[in-house]
Amino acid sequence: MSQEKITPLKVSDAVAEALERRILEGVVRPGERLAPERDLAVNLGVSRASLREAIQKLASRGLVRSRQGGGTFVTDCLSAALTGPWQEMLAGHPDLRGDLLELRRVLLAQTAEWAAARRTEEELAELARLADSLDESFAGADRKAQAYCDAAFYRALADAAHNVFAAHLMATLSRLLESDLTLTLSELSAAPRAFLLLRGQYQALFAAVRDKNPVAARQAALVHGDFVRESLAEALRSASRRKAADFRFAVSPSLS
């Protein structure tokens, strides 16, 4: 009986696998640069030749891109494959936003529950920092900055959930909803009470994760999800009414 021969994993394959895991887990995010070659080789305990071969493997799959004299950067190929086509679909079919927000609500609730149960102290510290940044942003009038802080907070929450697919899906949904969120925040800013409710929802969600209370975290996320859905629907109706009014004004004959 012949003995089956097991081929050992090449060093470059093992390095590629380790780097791929860092990308999947968000240790390095899309747009971020990998550590310099010399430092990364020392960190992984491999030769620079093996590291170069590993990076070439990742580049061939579109996970990283090297710039001449500028280092190697992580691409957004994992989410871009979804984001691009769906952005066009959302633009052409606004009614799909409701389905997207419905999915976000469910995913956010589960992510918050996992984060409350699984987060580390380091992740909690990052969530606290982002929660403070988010709260500070509400004191200003830059709605794009607020939308950015909102997305960063929920990316960190998804990271704390320790589910790779949830983290990447949340990042994709945040990107798809970025313009809608900016519009919603602009509308809410005109209603101080609604703005205060929104800030309270973030605080309640963070507190539940801080206290490691999965049930409270899930409930806080559901309340927030419902509020965002209703607020966006009203913001879109208001924008539609303004657009219709502007159109009527533009086509109305001038009074002599």
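# Close-up views of a predicted helical and strand model

Read along the sequence, the protein runs in the order α-α-α-β-β-α-α-α-α-α-α-α-α. The model is predicted, and its secondary structure amounts to 11 helices and 2 strands. Of its 256 residues, 37% count as buried. Among contacts between residues at least 6 apart in sequence, 71% join residues at least 24 apart.

**Figure 1. Crossing of helices H5 and H8.** Two packed helices are described by the angle between their axes and the distance between the axes. For helix H5 (residues 96–118) and helix H8 (residues 164–176), the axes come within 11 Å and cross at roughly 140°. This angle makes H5 oblique to H8, since only angles over 145 degrees count as roughly antiparallel. The crossing of H5 past H8 is left-handed. On the side of H5, the contact is made by Leu100, Leu103, Arg104, Leu107, Leu108, Thr111 and Trp114. H8 contributes Ala166, Leu169, Met170, Leu173 and Leu176. By residue class, the contact of H5 with H8 comprises 10 nonpolar residues, 1 polar and 1 charged.

Figure 2. The relative accessible area of histidine 224 is 1%, so the residue is buried. When neighbours within four places in sequence are left aside, histidine 224 is in contact with Arg104, Leu108, Tyr154, Leu198, Gln201 and Tyr202. Arg104 and Leu108 also take part in the contact of H5 with H8.

**Figure 3. Salt bridge between lysine 57 and glutamate 53.** The closest N and O atoms of lysine 57 and glutamate 53 are 4.0 Å apart. Both residues lie in helix H3 (residues 48–60); because they are 4 residues apart there, about one helical turn separates them. Lysine 57 is partly exposed, at a relative accessible area of 27%, and glutamate 53 is likewise partly exposed, at 29%. The pair belongs to a network of salt bridges that links Lys10, Asp13, Glu53 and Lys57. In total, the model contains 13 salt bridges.

**Figure 4. Salt bridge between aspartate 135 and arginine 199.** The side chains of aspartate 135 and arginine 199 meet at an N to O distance of 3.2 Å. Arginine 199 counts as partly exposed at 23% relative accessibility.

**Figure 5. Salt bridge between aspartate 211 and arginine 210, with lysine 212.** The side chains of aspartate 211 and arginine 210 form a salt bridge with an N to O distance of 3.0 Å. Aspartate 211 is partly exposed, its relative accessible area being 48%. Arginine 210 is also partly exposed, with a value of 39%. Lysine 212 lies in the loop between H10 and H11. The phi of lysine 212 is near 55°, a positive value in a residue other than glycine. With a relative accessible area of 46%, lysine 212 is partly exposed.

**Figure 6. Positive phi at histidine 162.** Most residues other than glycine have a negative phi. Histidine 162 is not a glycine, yet its phi is positive, at about 55°. The residue is found in the loop between helix H7 (143–160) and H8. Histidine 162 is partly exposed, with a relative accessible area of 44%.

**Figure 7. Arginine 38 in helix H2.** Arginine 38 is found in helix H2, which covers residues 37–44. Its relative accessibility of 54% means that arginine 38 counts as exposed, the threshold being over 50%. Arginine 38 and leucine 51 are 13 residues apart in sequence. Their C-alpha atoms are 9.4 Å apart in space.

Definitions and conventions: Residues numbered from 1 in each chain as written. Predicted model: local features only at pLDDT ≥ 70, side-chain atom pairs only at ≥ 80, totals over all residues. Heavy atoms only, no water. Axes fitted to C-alpha atoms, helices over the stretch in contact; angles between N-to-C directions. Parallel < 35°, antiparallel > 145°, perpendicular 65-115°, else oblique. Left-handed = near helix turned anticlockwise from the far one by under 90°. Contact = heavy atoms within 4.5 Å. Nonpolar A, V, L, I, M, F, W, Y, C, P; charged D, E, K, R; others polar. Buried < 20%, exposed > 50% of the residue type's maximum accessible area, 1.4 Å probe, protein only.
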